[in-house]
Amino acid sequence: MQMSREEQHAKKAQEIARKMKEQGLPEESIIEITGLTTEELSNLV
């Protein structure tokens with residue numbers, strides 16, 4: 001199953017946000033840079 005461009009972009013943003021979170025960057029910065037919502041960021045494993 002092929003992902004749409006929007007789905008691919010969202011998946012990449014989540015991967016980047018996960019790495020940024022692991023590095024200890026502030027959530028506000030991660031949200032601003034990736035465009036994720038606070039809820040989306042909170043749901044990352």
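Let me start with Glu-40, which counts as partly exposed because its relative accessibility is 34%. Please keep in mind that this is a predicted model. Glu-40 sits in helix α3, residues 38-42. A polar atom of its side chain lies 2.7 Å from the backbone nitrogen of Thr-37. If you look for Arg-5, you will find it 35 residues from Glu-40 in sequence, with 18 Å between the two C-alpha atoms.

Now let's step back to the whole protein. What does it contain in the way of helices and strands? The count is 3 helices and 0 strands, and from the N terminus the order of elements is α-α-α. Along the principal axes, the C-alpha atoms take up a box of roughly 35 × 15 × 15 Å. The protein has 45 residues, and 18% of them are buried.

Next, how do α1 and α2 pack? Their axes are 10 Å apart, and the angle is about 155°. The cut-off for roughly antiparallel is over 145 degrees, so α1 is roughly antiparallel to α2. The crossing of α1 past α2 is right-handed. On the α1 side, the residues that meet α2 are Ala-13, Ile-16, Ala-17, Met-20 and Lys-21. Their counterparts in α2 are Glu-27, Ile-30, Ile-33 and Thr-34.

Thr-34 deserves a moment of its own. Is Thr-34 buried or exposed? Thr-34 is buried, because its relative accessibility is 13% and the cut-off for buried is under 20%. Thr-34 belongs to helix α2, residues 27-34. Follow its side chain and you will see two polar contacts. In one, a polar side-chain atom is 2.7 Å from the backbone oxygen of Ile-30. In the other, the side chain reaches the backbone nitrogen of Leu-36 at 3.2 Å. Setting aside residues up to four places away in sequence, Thr-34 touches Ala-13, Ile-16, Ala-17 and Met-20. His-9 is 25 residues from Thr-34 along the chain, and their C-alpha atoms are separated by 9.8 Å.

In soluble globular proteins, nonpolar side chains tend to be buried together. Which residues make up the largest nonpolar core here? There are 7 of them: Ala-13, Ala-17, Met-20, Ile-30, Leu-36, Leu-41 and Leu-44. Helix α1, residues 5-22, is the biggest giver, with 3 residues in this core.

Let me pick out one core member, Leu-41. What does Leu-41 contact, once its neighbours within four places in sequence are left aside? The partners are Ala-17, Lys-21, Glu-27, Ile-30 and Ile-31. Among them, Ala-17 and Ile-30 are listed in the core too. Ala-17 and Ile-30 also take part where α1 meets α2.

Methods: Residues numbered from 1 in each chain as written. Predicted model: local features only at pLDDT ≥ 70, side-chain atom pairs only at ≥ 80, totals over all residues. Heavy atoms only, no water. Core = buried A, V, L, I, M, F, W, Y, C linked by side-chain atoms within 4.5 Å. Buried < 20%, exposed > 50% of the residue type's maximum accessible area, 1.4 Å probe, protein only. Helix = DSSP H or I, 4+ residues; strand = E, 2+ residues; numbered from the N terminus. Contact = heavy atoms within 4.5 Å. Polar contact = N/O pair within 3.5 Å; in protein donor to acceptor, adjacent residues only side chain to side chain. Axes fitted to C-alpha atoms, helices over the stretch in contact; angles between N-to-C directions. Parallel < 35°, antiparallel > 145°, perpendicular 65-115°, else oblique. Left-handed = near helix turned anticlockwise from the far one by under 90°.
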